[in-house]
Amino acid sequence: MPMPIEALEAALREGFPDASIEVQDLAGDGDHYKARIVSPAFKGLPRVRQHQLVYAALKGKMGGELHALALETSAPA
């Protein structure tokens, strides 16, 4: 079952309450999203670790409810 964009945004906002978050549905099917997350939590971390934090915030939904998520993460300038 696809994950509604509202559920994805809510999970990301719960995990990164102080972040700027933009989510796009890439295919219109509720299975392929792109997320841009700018959070102080990412400061000083390599990109791989930033993405691991995002996957952890999704609490196991990646690969199940959520099929594909392109990530763009960074710390505020």
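Let's start with overall size. With 77 residues, a compact globule would have a radius of gyration near 11 Å, and this protein chain has 12 Å, so the two agree. Keep in mind that this is a predicted model. The C-alpha atoms fill a box of roughly 35 × 20 × 20 Å along the principal axes.

Next, the fold. The chain has two helices and three strands. Look at contacts between residues at least 6 apart in sequence: 54% of them join residues at least 24 apart.

Now the inside. Buried residues make up 31% of the 77. In soluble globular proteins, nonpolar side chains tend to be buried together. Here, the largest nonpolar core holds 18 residues. Which of them touch the most other members? Leu8, Leu12, Ile37, Val54, Leu58 and Leu69 do. At least two core residues come from each of these elements: α1 (5-15), β1 (20-25), β2 (32-38), α2 (47-57) and β3 (68-74).

Take Leu58 as an example. What does Leu58 touch, leaving out residues up to four places away in sequence? The list is Leu8, Ala11, Leu12, Leu66 and Leu69. Leu8, Leu12 and Leu69 are also among the core residues with the most contacts to other members.

The chain exposes about 4500 Å². Carbon and sulfur atoms supply 54% of that area. As for charge, there are 8 positive and 10 negative. Their mean positions lie 11 Å apart.

Conventions: Residues numbered from 1 in each chain as written. Predicted model: local features only at pLDDT ≥ 70, side-chain atom pairs only at ≥ 80, totals over all residues. Heavy atoms only, no water. Core = buried A, V, L, I, M, F, W, Y, C linked by side-chain atoms within 4.5 Å. Buried < 20%, exposed > 50% of the residue type's maximum accessible area, 1.4 Å probe, protein only. Helix = DSSP H or I, 4+ residues; strand = E, 2+ residues; numbered from the N terminus. Contact = heavy atoms within 4.5 Å. Rg over C-alpha atoms; globule rule 2.2 N^0.38 Å. Areas by Shrake-Rupley, 256 points an atom, 1.4 Å probe, with all protein chains shown as cover. Lys, Arg positive; Asp, Glu negative; His and termini not counted. Charge placed at Lys NZ, Arg CZ, Asp CG, Glu CD.
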